[in-house]
Amino acid sequence: MSVTFAESRLSAHAIPTASNFTFCSSHRKLHTTGIAENLHLPIFEHNTTQRFTKSLRSAFQRAHANGISNPIVVGAIPFDLTQPCSLFIPVESHFGTTPIVNQFSKRDPIEIVNRRSFPEEARYKQSVKQAIANFQLSDIRKAVLSRVLELDLNTQLPANTLFHSLQHQNPTGYHFSVPLEDGGQLVGVSPELLIRKEAEWITSNPLAGSTGRLRNADDDTAAALALQSSHKDLYEHRLVIEEINRVLQPFCSELDIPDAPSLLNTETMWHLSTLIRGRLSNANISALDIASALHPTPAVCGYPTPLAHKLINLVESFDRGLFAGMVGWQDSDGNGEWAVTIRCGIVRGNQVSLFAGAGIVEDSCPESEWAETQAKLQTMLKALPIQADAEAAQ
């Protein structure tokens, strides 16, 4: 089903032309300038990654030949791996261990002129009911349903303003700013690591099962403890971990997965989190090879993945594009870091499109799932130079 706004606003068909890429985590900081070559092709074609792998290898070879001593590929990959990526090889890349941006200056508040949710509240809740009904008639056990919140502002919002604000308000997480073909910028701070590869060692930190933070400290602690003992959320999380274990086992000679999830908190959310570490049997396997095998995990798609993907296409009212894909970098040796593209938005002049989703299982409540998307939108809304509260996500 199509929506009334231009499909290009969410499009993964977004080749950067002239801008900078930034990716910051607690592990390392990366900033790039210039574009040596764009990579605008799908990861998967005809159930294989062969064309993409060959194209990336050739692009690295050309970069070496043109004097780039340690080329990397950076950018964003869409939720649907059969759609073209928004990747490029930069002319220059700079790694560091200190923040790229450590200053934040407030500006005059921006006014929201109009807001639109796709789908609207009633339609989203109906989609949740539709998904639950489908579970009872199929083998699907989980599906992640998402929404877009579009904001029209009274003036243009510089993407850097939003990026700096996210860093200021959310010092942890995976901060990213990715240039898009039409001059827009994909900006966000993801709490979720899909894969990090360093030589033969890999790390993944999937999240599934969430609840919003509360202002009162005692209530907030109670909400976190309730999440940690929630049958619904623990079941949702277990589906994710079992699938990631299944995918990673063939790659690894060692794989350490904790028996139970821990709590991870952001400025606005509590999450069930499992930190997974492994040792590869073959260190020549690249971060993107592993990321492509993992993606989309049940944390952003559902379980079983192929059936959940079909259900999402049936009930969601828009093309996710880059949302719920992956964002990050990889060097020519195959080392890299890819985060899940959540808690993010696309800035285009005076318009901002924000994204959020919730994992639906048979025990889900439509009202609670809508509330979860509201809470997740607060990460981006609070970073905007506007008076944003829970009502702003309506």
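Modeller: Strands here, labelled E, are DSSP runs of at least two residues, and helices, labelled H or I, are runs of at least four, both numbered from the N terminus. Two strands pair if DSSP finds at least two bridges between them. Residues are numbered from 1 along each chain as its sequence is written. This is a predicted model, where local features need pLDDT of at least 70, side-chain atom pairs count only at pLDDT 80 or more, and totals for chains, interfaces and linings use all residues, while side-chain values use heavy atoms, with hydrogens and water left out.

The part to look at is strand E5, residues 86-89. Strand E3 (residues 37-39) is joined to E5 by 3 bridges, and the two run antiparallel. In this pairing Glu37 stands opposite Ile89 of E5. Strand E4 (residues 72-77) also runs antiparallel to E5, again with 3 bridges. Here Gly75 is the residue opposite Leu87 in E5.

Next come the side chains of E5. In a regular strand the side chains alternate between the two faces of the sheet. In E5, Ser86 and Phe88 point one way, whereas Leu87 and Ile89 point the other way. All four of these residues are buried, where buried means under 20% relative accessible area, exposed means over 50% and partly exposed lies in between, with a 1.4 Å probe and protein chains only.
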